[in-house]
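Here is a short briefing to read alongside the sequence and the 3D view. Take a moment to find your way around before going through the points below.

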Amino acid sequence: MSPHIVDVTQENAQQILIEESQSRPVVIDFWADWCEPCKTLMPLLEKLAVEYNGQFLLAKVNADELQPIAQQLGVKSLPTVMIMVNGQPVDGFAGVQPENDIRAILQKHLPAPWAALIEQANELMEQDNFQDALPLLLQAYQDSENKPAIGVGLAQVYLHLGRCDEAEAILDVVPMADQDQVYEQAMAQLKLKREAAQSPELQALEEQHTADPADLSVSYLLSIQYSQNARVREALELLMSILRKDLGYENGAAKKAFMDIVASLGAGDPLASEYQRKIYTLLY
């Protein structure tokens, strides 16, 4: 039997139904040997318990053997399913229900599918490991269909990594209603990083590049300045423009700089994947 499925007894009832429900939902299946519908419902609940892999505990209660528990929880017919959270029944149903309906009831009381990703990312960030936290939060943001609160957290990770462009792109689409104090802090961090990165040397190179975009030496120097100031996308785009015109520029210096920047982004980074595809197309 799965570790996420238990038979309730007089001895373990308190621990299973009350104490365990403090840490995760407990789905109680009240059944009896003579109940034919119970024999249809129980395998379905067991299948879901295995599939959800510990997000809830399935507790099977033989209503004939444990009548006091069934009576205490107001069970009037079998099968009855009850969901316990923090020691209290919060939802449930009687009779056999379609699988999709049961899933819908469960989802109301289970952590969001992306909650585990956020938890892992938070643990990494506590260790100042923002590079490895990034793909986890990015996946959570995508899985949640761009939930604003997750987006602000993702933007903060980008800011820690000096990736202002990506942070700004996310913060720009946060709805007004979700622009809370955390959002305001992220915007302030973005502004400070932008100002700090705008050195006189970089400004001079930008002016030269604007005056003569065809000057590859200026483009190359500006790309290096961008990369050193965490303006990664702009650096890669400039280097790509150089490589499209001269693949072997400065004995491969532009190509090496490009590959070094991509490598620094880490495996699974969407920006790295984007520019790996671009350089692959150019080379092959």
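A residue is called buried under 20% relative accessible area, exposed over 50%, and partly exposed in between (1.4 Å probe, protein chains only). Helices (H or I, at least four residues) and strands (E, at least two) are DSSP runs, numbered from the N terminus. This is a predicted model, in which local features need pLDDT of at least 70, side-chain atom pairs count only at pLDDT 80 or more, and totals for chains, interfaces and linings use all residues. Residues are numbered from 1 along each chain as its sequence is written, and side-chain values use heavy atoms, with hydrogens and water left out.

**The whole protein**
- The protein has 14 helices and five strands.
- Its radius of gyration (taken over C-alpha atoms) is 28 Å, well over the 19 Å that the globule rule (2.2 Å times the number of residues to the power 0.38) gives for 284 residues, so the protein is more spread out than a compact globule.
- Along the principal axes, the C-alpha trace spans about 85 × 45 × 30 Å.
- Of the 284 residues, 44% are buried.
- The accessible surface (Shrake-Rupley method, 1.4 Å probe) is about 15100 Å², and 52% of that surface belongs to carbon and sulfur atoms.

**Helix α8, an enclosed helix**
- Helix α8 covers residues 164-171, and six of its eight residues are buried, so the rest of the structure largely encloses this helix.
- Which residues of α8 are buried? They are C164, D165, E166, A167, I170 and L171.
- These buried residues pack against α6 (130-143), α7 (148-160), α9 (181-197), α12 and α14 (270-283).

- R163 sits in the loop between α7 and α8.
- Is R163 buried or exposed? With a relative accessible area of 3%, R163 is buried.
- Setting aside neighbours within four places in sequence, R163 is in contact (heavy atoms within 4.5 Å) with L134, Y158, A230, V232, L265, D269 and L271.

- L247 lies in the loop between α12 (232-245) and α13 (249-265).
- At 38% relative accessibility, L247 counts as partly exposed.
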